[in-house]
Amino acid sequence: MKSRFTFMFAGWALAAMAVLATAQTAPLELPKIIAAGTALSVSTAGSGRAVLYIVGPGQALRRDMQLGETIIFGPGDIHNAGHYTAALVGSSSTQTAEFDVTAAKQPSMLSFLAKPSRLPVDLHDGISGVVYVLDAFRNLVLQPTEVSFELSGIGGATQTRVARTQNGVAWVEMDSAPKAGSTQFQARVGNTTEKRIIQQVPGEPCNLRMSARRSGARVELETEPLFDCRGNTVPDGTIVTFKETYNGGETTVDVPLKRGVARTNVPAYDGSIISVATGVVMGNEIHWQDR
Amino acid sequence: MKGTSRIQAEKLLLAVGLALATLLVWAFDQLAVRVTATESVGPRTLETQTKTAVVRDYLAAWQSLSRALEENNPSLLGADFVGFAKDKLFDTIQDQQKLGIRTRYQDRQHDINVVFYSPEGLSIQLLDTVEYDVQVVDHNKVQATQHVRTRYLAVLTPTEVRWKVRIFQSAPEP
């Protein structure tokens, strides 16, 4: 409520002051756009003391001055990109102007988001990279800029893509390599580079097969070494589930892979059905016959 | 007789002035928000719920910005800003505190266009043609008021419960 009326009265006051000011002083002249970090000089006319304010969400500056002087803001004084209002407030008049500060043209930082950090091998468009291009003052560089993305590492050719920024952002999607292991995902603009490491892990096992042999009153079960469809060894610790069904009853054993294979034993029931699975992959089934 | 009619005329002028001022204040209080229909925002589909949440949180960020800069209170930024945007606004508030000034930003109109939604869903970019009034207050005295129309670019990222503004800067029309 308070600010409403402040605005209202300020509006009236400003209108009245503007009428007076028109007759007394020259308008405040500023360039419409300046690059972040560049110097700015503000010429004024008239006489008497005044205060120059430059305000925006990105920065606030205030300078006491003598009308008729030229105020100089040095390189780096105004460094945050944004829209600024300049107000020159003298004893009898207020002049205002607006200008934009844009990012410096030279990119010097990349905000690089690579996802995911871990994924299965051989996934089409499985890896995404998003880059926001920033200048030395952490302003988003809106001028279209080419960003080079490179995915390189174990197994598989290096993938390279070039994307052009739009509104300061560029993105790509890339395939994971056929071989498991660490891969380096790099984004580059000129001499500025950002790197991320992505772990590519084996995919779902292919051809899960087990064999069975009698050992006393039990049946020993053992899988063949487990590989994914690209020949990568499925990591130890992956759970393999053996299930024995006999006469309406069921025995389930979860076993982690050790050195690429899973082993267990179950009671030897003549006529039982033994199956094996890991994740969503089903293996072979054995109909156990005691001979 | 002449004096009486002059007083009446002055009273009438005052009444008209007050009525106009009231209308002006009422009109100013209506924040107009328009969100442009967006068909393609990059690699990821933008669901209506997401768009609604992003716009709501972005407008809330304007309110926080406005209060924080008016009260020179950086603690008001945390709920809506993060990263570079928060750091820069924090610095601006520090500048203002040192200079003994405050700024009042009163947004009047937003014309928001979602221009990019990243493939992994971790950033969303808006272009906002915004109209606002800015006042410079120096040691509790209003020194200048300016009506501004410009275009802002904001990058928001999701946090635990809301979208927060990570990059906030003007993007003048090319």
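**Stop 1: a three-stranded sheet in chain A**

Select β17, β18 and β22 of chain A. These three strands form an open sheet in the order β17-β18-β22, with antiparallel pairing. Keep in mind that this is a predicted model.

Which strands sit at the edges? They are β17 (210-215) and β22 (263-267) of chain A, and each of them pairs on one side only. From one strand to the next, the twist averages 25°.

Now select residues 218-223 of chain A, which make up β18. Five bridges link β18(A) to β22(A), and the two strands run antiparallel. Pick R218(A). Its bridge partner in β22(A) is P267(A).

**Stop 2**

Move on to residues 239-246 of chain A, strand β20, and residues 249-256, strand β21. How many bridges join β20 to β21 in chain A? There are eight, and the strands are antiparallel. Click on K243(A). Across from K243(A), the bridge partner in β21(A) is T252(A).

To see one position, select T241(A), which stands opposite A277(A) in β23(A).

While you have a strand on screen, check its side chains. In a regular strand they alternate between the two faces of the sheet.

**Stop 3: the nonpolar cores**

Select Y53(A), V131(A) and A154(B). The largest nonpolar core has 84 residues, and these three touch the most other members.

Zoom in on A154(B). Which residues does A154(B) contact, beyond its neighbours within four places in sequence? They are Y58(B), L126(B), D128(B), V165(B), I167(B) and F168(B).

A second, separate core has 13 residues. Among them are L208(A), L221(A), V240(A) and V276(A).

**Stop 4: where chain A meets chain B**

Show both chains. Chain B brings 47 residues to the contact, and chain A brings 41 residues.

Color the chain B side by element. At least two residues each come from several elements, including α1 (2-29), α2 (48-71), β3 (124-138) and β5 (163-170) of chain B. Which element gives the largest share? It is β4(B), with nine residues.

Finally, color that side by residue type. It divides into 26 nonpolar, 15 polar and six charged residues.

Terms used:
Residues are numbered from 1 along each chain as its sequence is written. Chains are lettered from A and ligands numbered from 1 in the order in which they are written. This is a predicted model: local features need pLDDT of at least 70, side-chain atom pairs count only at pLDDT 80 or more; totals for chains, interfaces and linings use all residues. Two strands pair if DSSP finds at least two bridges between them. Helices (H or I, at least four residues) and strands (E, at least two) are DSSP runs, numbered from the N terminus. Two residues are in contact if their C-beta atoms, placed from the backbone, lie within 7 Å. Ala, Val, Leu, Ile, Met, Phe, Trp, Tyr, Cys and Pro count as nonpolar, Asp, Glu, Lys and Arg as charged, and the others, Gly among them, as polar. A nonpolar core is a set of buried Ala, Val, Leu, Ile, Met, Phe, Trp, Tyr and Cys residues joined through C-beta atoms within 7 Å. A residue is buried if 20 or more other C-beta atoms lie within 10 Å of its own, exposed if 12 or fewer, and partly exposed in between; C-beta atoms are placed from the backbone. Axes are lines fitted to C-alpha atoms, for helices over the stretch in contact, and angles run from 0 to 180 degrees between N-to-C directions.
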